[in-house]
Amino acid sequence: MSKPPGNHHRELIELAALFAAAGIADLFTNLLGHRIEGPTVLIALGIVVAVATLVNLRRDARRTRARIASRPACERATADYGAVAGELWRVRTAVQDTPGRLAVLAGAFAAVGANILALQVQPVADGVVDEFLVEAGAEVTAEQLGAAVASAGGGQVHVAPADVSALTDLPTRALTLAHRLMREPEALRFVLAELLSSAQVEWRADEDDVRASDEAENTVIQVRDPHAGVVLVSRPGIPFTPAESARVQAMADLVGASVVRR
């Protein structure tokens, strides 16, 4: 197969530059070679070039490390995972806390070609809530994943697309968000939206009465905004676990402590 014309031109230019560089080097060497200090000058120039190159390499390496260190921890961790081959899904389900139940669910995912990448287990009154992060081929749909989990005994199944940032483990994400709150206490709403998957977060001037049905289903959390008003976190159809409620309150308490110190 012949090369594109542009490639031929570039190769000719590179070859001409090589010839010119060789000629200049030969001329330079001949001129210095007739003098006693000629070899010494060449050796000194070589050392100078080598030292300058090493200094530039070390300076570039320091700049690269500084850029990486300046990025949030969750972004640095996410970048290490690289590209994900398939589609990412967040699958949440309530199950009975019995021996072997997790193995049954893992088998259900495997049956549809989904691979479990991460898992959170949160205790609730009548069992546990398992939240999986799975990778599946593009041909696997949310309906197929939900049906597989339901057939394995899962209840209250919820399936939603996820992105690569979900691969960051929960402690790292929570610490990163807490660090943001220390710098920006007014960002409480945005932090809670990042912390809780599929949640809707809004600010209200006054505390409103939450509907009895929402309270019974644990689909709403209210925390007081230390600046003013209240922050309402809601997730219709997906009840919050006690662990999630505690996380929300902990973030609100962190903002309150930060405001008091200021």
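Predicted model: local features only at pLDDT ≥ 70, side-chain atom pairs only at ≥ 80, totals over all residues.
On a 1 Å grid over the protein atoms alone, a pocket is an open set of points with protein on both sides within 12 Å along at least five of seven lines, a cavity is a set of points where a 1.4 Å probe fits but cannot get out, and lining residues have an atom within 4 Å of a point. Residues are numbered from 1 along each chain as its sequence is written, and side-chain values use heavy atoms, with hydrogens and water left out.

The second largest pocket is lined by 24 residues, and those nearest its centre are Ala-94, Val-124, Asp-126, Val-129 and Gln-156. Two or more lining residues come from each of strand 1 (87-95), strand 3 (127-136), strand 4 (155-161) and helix 8 (212-217); helices (H or I, at least four residues) and strands (E, at least two) are DSSP runs, numbered from the N terminus. Strand 1 makes the greatest contribution to this lining, with four residues. The volume of the second largest pocket is about 370 Å³, where a volume is the space filled by probe spheres set on the grid points, and points are joined across faces, edges and corners. The lining comprises 11 nonpolar, 10 polar and three charged residues. In this classification Ala, Val, Leu, Ile, Met, Phe, Trp, Tyr, Cys and Pro count as nonpolar, Asp, Glu, Lys and Arg as charged, and the others, Gly among them, as polar.

One cavity of 30 Å³ or more was found by this rule. The largest cavity has a volume of about 50 Å³. Its lining consists of Arg-90, Arg-92, Glu-131, His-158, Ala-160, Ser-197, Ser-198, Arg-235 and Ile-238. By class these are four charged, three polar and two nonpolar residues. Strand 1 and strand 4 each supply at least two residues of the lining of the largest cavity. Ala-160, one of the lining residues, lies in strand 4. Ala-160 is buried, at a relative accessible area of 15%; buried means under 20% relative accessible area, exposed over 50%, and partly exposed in between (1.4 Å probe, protein chains only). Beyond its neighbours within four places in sequence, Ala-160 is in contact with Trp-89 and Arg-90, contact meaning heavy atoms within 4.5 Å. The C-alpha atoms of Ala-160 and Leu-88 are 8.9 Å apart, although the two residues are 72 apart in sequence.

The protein contains nine helices and seven strands. Of its 262 residues, 29% are buried. Among contacts between residues at least 6 apart in sequence, 66% join residues at least 24 apart.

In helix 4 (residues 101-111), the buried residues are Leu-105, Ala-108 and Phe-109. Viewed down the helix axis, the buried residues of helix 4 fall within an arc of 100 degrees and so line one face; the arc is that of the directions from the helix axis to the C-beta atoms. Ala-103, Ala-110 and Ala-111 are exposed on the other side of helix 4. The cover over its buried residues includes strand 1, strand 2 (114-124), strand 3 and helix 5. Gly-113, which follows helix 4, has a positive phi, near 80 degrees.

The buried residues of helix 5 are Leu-145, Gly-146, Ala-148 and Val-149. These cover an arc of only 160 degrees around the axis, which puts them on the same side of helix 5. On the other side of helix 5, Glu-143 and Ser-151 are exposed. Strand 1, helix 4, strand 2, strand 3 and strand 4 are among the elements covering the buried residues of helix 5.

Val-223 lies in strand 6 (residues 220-224) and is buried, with a relative accessible area of 4%. Residues up to four places away in sequence aside, Val-223 touches Val-230, Val-231, Val-248, Gln-249 and Ala-252. Val-223 and Asp-253 are 30 residues apart along the chain, with 9.3 Å between their C-alpha atoms.

The average pLDDT, the predictor's confidence in each residue from 0 to 100, is 78 for the protein, and 63% of the residues score at least 70. Confidence is highest in helix 5 (residues 142-151), at a mean of 96, and lowest in helix 3 (residues 73-81), at 48. Over residues 73-79 pLDDT stays under 50, and the model has 13 contacts beyond four places in sequence for them. Residues 1-5 also stay under 50, with two such contacts.
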